[in-house]
Amino acid sequence: MNLLPAFLLAFAAGVCFLQTRADLPQAAWLWIFSGLGGFFLLRLSVHLRPSLRGGALFFLTLCAGCAAGYGWAAWRAELRLADELPVAWEGQDVRLVGVVASLPVRFERGVRFVLRVEQVLTPEARIPSQLWLSFYTQGWRAGEINPYPPPRAGERHEFTVRLKRPHGRVNPYDMDYEAWLLERNLRATGYVRNDPAPVFRGASAWPPMLGVHRLREAVRDHFLRTLEGKPYGGILTALAIGDQNSISRTQWNVFNHTGTTHLMSISGLHVTLVAMLAGWLLNWSWRRSPRLCLRLPAQRLAIVGGALAAAGYALLSGLSVPAQRATLMLLIVALALLLARRIGLGRILLLALIGVLLFDPWAVLASGFWLSFCTVAAICWVGLHALRNEGSAGNPPDRRSLRQRLGGWLFSFAHTQWAAMLATLPLLFFFFQRFPLNSPLANFLAIPWVSFVITPLCLLAALLVWIPLPLLEWTHMLLSPLMALLEYFANGPLGLPWQAPAPSLWRVALAGCGVLLLLMPRGLPGKGAALVMLLPLLFVPAPQVAPGNLRLSVLDVGQGQAVLLETAHHRLLYDTGPGYGPVAADSQARVEEGNDAGAQIILPYLAALGIARVNTLVVSHRDNDHSGGMDSIRAGIAVEKLISSVPEWPEGELCRQGQAWEWDGVRFEFLYPPPDKPLKGENGDSCLLKVSVGATQTTPGQRILLTGDLSTREERRILAEDAKRLAAEVILVPHHGSRGSSSPPFVAAVGAQWAIASTGYRNRFGHPRPEVIERYARQGTRFLHTDRDGALILDISPEHIAVRRWRQEARRYWHVAGGKK
């Protein structure tokens, strides 16, 4: 009885289980040794008693594998979390020497890069071994230029840096930035200070990966310089070296709307293609010399050379999960061929899975990990059945006509695409809640062209970078028709996706079983039931709010504000969060399209809830931290009405005191600004919105105040007119809890049970101010802020307020090490 596959699958399950835990177990090594020891004892018992069989033996093998995987992932996490930045050194200037150990990522005002610390010059400072740093080439003031050149890969510099512990936004259905940093062993983030000035200390030649990064940077510079001004230069760069940062947001939208995003990452198909091409060239050239073939058979050389070429290309691409998986699979196949061993495709895939998890236990946190392995598993499954059918067919492939060969190839390719699409369908709805209906056709046309034409030409251009040939221009010309077609698919009548709210795990599991049944060989009965098993995934009911109740979601958008209010049949969005791109010092400049809270946080949250329309969008005032995501919101979802305090926005109406309406038993009313106040969209013009749930003539119900960036001056005016109308159970504190807001009389008049500040971690303004928190505490108010608590979801009924803190509800062990304010 072969227990190894079961043990390895259980090992992978144990690794996955650890990544869902809020705390690490004690003595991780004990879990590892108990799992491995238990497995070897089971193997020994089977060897000594070959008749030993049964479900108990299989169950014990699964337990041993889970324990070993769980312990392995926990031990790796312990080592990584131990390399941390002490809280006392957050925000302090530290002088150090380090080497740029990654390909620098460009953004408008500078570059970001990994710095491997070699020496800490500041006495007593304890700094992690690797940092994620930003280097600004431009200052905050207009025209301010940093005279020090941007660091390049492999260079050694002496920097003064200001650091903070890993901390990211925590929202439902949002990327976990802290997990992303942990996977890459980046245990602190920060930026390079200009005073004192940086000092160049030469270049480093060790470890060898630094040379790879220097080569990647040279290729990128050549590509972008040669294709300057051409729209698809960033795409060709991504296909050559895996650097996707030069692809524009508009182009990403095209790929998302056509289901072709995977083509922009160096996948297993690309790596396998390089291995096959290198192996064929080596085999062909080696056979020209009989003497060389006597010394080393050409086939063996082709196997080794192809595997090494694949590994080199994977290194050049930055070792993404698909590239890791493909390289491991090719190395396993090469080793089996050299040793004359036969290994099934399923076992190769399983060994590649374990290899990836041994190297990177956090890979399971990325959607690409699951999509990649499911796609390859489906392709292998279909390929095996195709080989069996071909072997039993009466028409051998070598006797078919050219037309038959072409038709068979097209059918096989379409069948493979169909299998890959089905295999990833449950995961696409689980991770992204959408499936582009044009994806099958777009991929059928794009995959061969990108994989067999564009990518090889990109690699050839990278290899011939010092030869003056117009190869890149030709490649760009060949890519242009495909991009025009994809843009038509994305923006035309075929661009509508199938969208559904985020499915529960049981729906995904049931759909996965249906997919397995559909991929079974023809003739198997019950495939009609498989289609029925997919229906719960495709038709997910949206989360409902009872009539007369309110769900209020304060999203964690950093230093800014975005609040979603849901009644039974209506949706109101109050503010749209900040833009995350570089903004000018006046804080009102627009940012790059899509680089804002609207595109990155709010729209995915709305999609996961199944919300396709916002009835009213209220933008309290024009400042970037409240309006930065407005353009993305209006472009990405239907908005029926816009209300703001900005008179220059003619498409909307102005908020004024006295405006009121009722939705599903919930009352909405603006308390400020007054009708006679000239509006400019400034802080003091913020729309003050009061929401009442269950209010009657005898009971006030539950009341919520959304205050924008009002200051104490506006608070005094509102108090002088009618202080009683400010009474509320929940308040989003004015101006993020700044010193110039939430005066003691205002706090007393509100008398809230809950006060919420939407703030960024260690923001430069110091929000929320300790004295403001103390004022609310003296009134018996519980104070929450998003940088500490993550997104806050309040389920409000006329009798009760239930508060969910997302950082607490979705806590993982790496959040504990992330540092809290």
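Residues are numbered from 1 along each chain as its sequence is written, and side-chain values rest on heavy atoms, with hydrogens and water left out. Because the model is predicted, local features need pLDDT of at least 70 and side-chain atom pairs count only at pLDDT 80 or more, whereas totals for chains, interfaces and linings use all residues.

Helices (H or I, at least four residues) and strands (E, at least two) are DSSP runs, numbered from the N terminus. Seven strands form an open sheet in the order S16-S17-S18-S19-S20-S21-S22, with mixed pairing; two strands pair if DSSP finds at least two bridges between them. Strands S16 (660–663) and S22 (782–785) stand at the edges with a single partner strand each, so one side of each is left without a neighbour in the sheet. From one strand to the next, the twist averages 20°, the axes being lines fitted to C-alpha atoms, for helices over the stretch in contact, with angles that run from 0 to 180 degrees between N-to-C directions. Within the sheet, strand S17 (residues 666–672) and strand S18 (residues 688–693) run antiparallel and are joined by six bridges. Val 666 has Val 693 in S18 as its bridge partner.

The whole structure contains 34 salt bridges, each defined as a side-chain nitrogen of Lys or Arg within 4 Å of a carboxyl oxygen of Asp or Glu. In one of these, the side chains of Glu 158 and Arg 95 meet at 2.9 Å, N to O. Glu 158 belongs to strand S5 (residues 155–164) and Arg 95 to strand S1 (residues 93–100), so the pair ties together parts that are 63 residues apart in sequence. Both Glu 158 and Arg 95 are buried (under 20% relative accessible area, with exposed over 50% and partly exposed in between; 1.4 Å probe, protein chains only).

A salt bridge also forms between the side chains of Asp 795 and Arg 551 (3.4 Å, N to O). Since Asp 795 lies in strand S23 (residues 792–796) and Arg 551 in strand S10 (residues 550–554), this pair ties together parts that are 244 residues apart in sequence. Asp 795 counts as partly exposed at 29% relative accessibility, while Arg 551, at 13%, counts as buried. The side chains of Arg 703 and Glu 729 meet at 2.7 Å, N to O. Here strand S19 (residues 702–706) holds Arg 703, and the loop between helix H22 (712–722) and strand S20 (730–732) holds Glu 729, so parts that are 26 residues apart in sequence are tied together. Arg 703 is buried at 16% relative accessibility, and Glu 729 is buried at 10%. Salt bridges with shared partners join Arg 106, Arg 152, Glu 217, Arg 220, Asp 221 and Asp 243 into one network.

A nonpolar core is a set of buried Ala, Val, Leu, Ile, Met, Phe, Trp, Tyr and Cys residues joined through side-chain atoms within 4.5 Å. The largest has 40 residues, of which Leu 353, Leu 357, Phe 369, Phe 373 and Tyr 813 touch the most other members. Helices that each supply at least two residues of this core include H1 (4–18), H2 (28–48) and H13 (367–392). H3 gives the most, with nine residues. A second, separate core of 35 residues includes Leu 103, Phe 255, Ala 446 and Ala 462.

Helix H6 (residues 233–241) is mostly covered, with nine of its nine residues buried. Among them are Ile 235, Leu 236 and Leu 239. Gly 242, which follows H6, has a positive phi, near 80°.
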